Amino acid sequence: MATVLDEIIVGVRADLEERRREVSLQAMSERAADSVRLAPARDALSALSGGRGDDRGIRIISEVKRSSPSKGALADIASPAELARAYEAGGASAISVLTERHRFGGSLQDLDAVRAAVDIPVLRKDFTVDEYMIHEARAHGADLVLLIVAALDDAQLADYLALTHELGMDALVEAHTVQEIERAVAVGARIVGVNVRNLKTLDVDPANYATLAPNLPEGVVRIAESGVQGPEQVADYAREGADAVLVGEALVKHGDPSQAIRDFRAASLTVRG
C-alpha cells in the first residue's frame, strides 16, 4: 500500500519532469554554477549551531507554508517576502520555503521572493528525488536543501549530499527512526533533523524527539521538526538538546510572527539557564 510520502513523491516527480522539459539538466547546472560564483551560499551550518554565551537561545527555522497534507490550507500568504522579513526581524536564523505545489501550495517563485527579501540562510524545502532539484535550488538562491532519508537509498543519499556540498550549500538530512539517523550519520550529514511527524500516517508525536535524540552524535547540528504549537514545545526540544527547531503552522497562523519567534527563543532560555 502506498504511503503518504509515496503519493507526494509521485507529484514531485511529475512536476520535476515538466520543469526539466523547459530547462535541461545541463542548463540548470550551468545556472547553479553561475550562482556559486556570483552569489555563494550563506553559512547555514554556523547559523543553525546551538547558541553560546549571550546568544544561547535555540535557533528558529521559520517556514513559509501555505498548506499541508494533514491540515489543508493554513494561511493565505499574499506576500512571502513580507512574511520572511517579519521572521528575520523576530530573530529567525533561517527561513524554510515549501516549493512543492500539490500538497503544500508552494512554488519556486515563493523561494525567489524570500531569497530577495532576507539576508539569512534559506532552505528550499521540497522532496528531493533527483540531482536536478539540487542544482535548481542553488540556481534559485537556496543555501540549504532537504534530504529525507526515507525517500532515498544509501547511494542517492551520499551522492546528493556530496553534490549539495560541492555547490557550497548544506543539507538538512531528515530522519524519523534510529536506523535513519544512523544512515544520515554514515554519509557525513552535518545537520540532522528529527521529524516527529510520521510521513506514512502524518501522525505527530513530539515525545519521539526525546526518544531519538540520544542517537545523534556530538558534532552534528540537531534540528527538531514538527510538533511546535507554542513556546512549551520549543522549551521541551531545547531541554532535549536541540540546536534549532523548524516551525511552520504555528507561525503562519500567528498574528505576530516576529513576536512568536522572540517568545520561542525566550522559552528555550528558561531551560538552558
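Reader: Which residue stands opposite isoleucine 223 in E9?

Author: Glycine 193 stands opposite isoleucine 223 of E9. Please keep in mind that this is a predicted model.

Reader: How many bridges pair E8 with E9, and in what sense?

Author: The two strands E8 and E9 pair over five bridges, in the parallel sense.

Reader: What lies with E8 and E9 in their β-α-β unit?

Author: Helix H9, residues 207-212, forms a right-handed β-α-β unit with E8 and E9.

Reader: And which residue of E10 stands opposite isoleucine 223?

Author: That residue is alanine 244. E9 and E10 pair over three bridges, again in the parallel sense. Helix H10 (residues 231-239) makes a right-handed β-α-β unit with E9 and E10.

Reader: Is E9 enclosed or open, and why?

Author: Strand E9 spans residues 221-225, and five of its five residues are buried, so the strand is largely enclosed by the rest of the structure.

Reader: Which way do those residues point from E9?

Author: Val221, Ile223 and Glu225 point one way, while Arg222 and Ala224 point the other way; all are buried. In a regular strand, side chains alternate between the two faces of the sheet.

Reader: Changing topic: what do the strands form overall?

Author: They form a closed barrel of eight strands with parallel pairing, in the order E1-E4-E5-E6-E7-E8-E9-E10. Neighbouring strands of this sheet are turned by 25° against each other on average, direction ignored.

Reader: How many bridges join E1 to E10?

Author: Four bridges join strand E1 (residues 59-64) to strand E10 (residues 244-247), and the two run parallel. Serine 62, for instance, has valine 247 in E10 as its bridge partner.

Note on methods
Residues are numbered from 1 along each chain as its sequence is written. This is a predicted model: local features need pLDDT of at least 70, side-chain atom pairs count only at pLDDT 80 or more; totals for chains, interfaces and linings use all residues. Side-chain values use heavy atoms; hydrogens and water are left out. Two strands pair if DSSP finds at least two bridges between them. Axes are lines fitted to C-alpha atoms, for helices over the stretch in contact, and angles run from 0 to 180 degrees between N-to-C directions. Buried means under 20% relative accessible area, exposed over 50%, partly exposed in between (1.4 Å probe, protein chains only). A crossover is right-handed if, with the strands pointing away from the viewer, the path from the first strand over the helix to the second runs clockwise.
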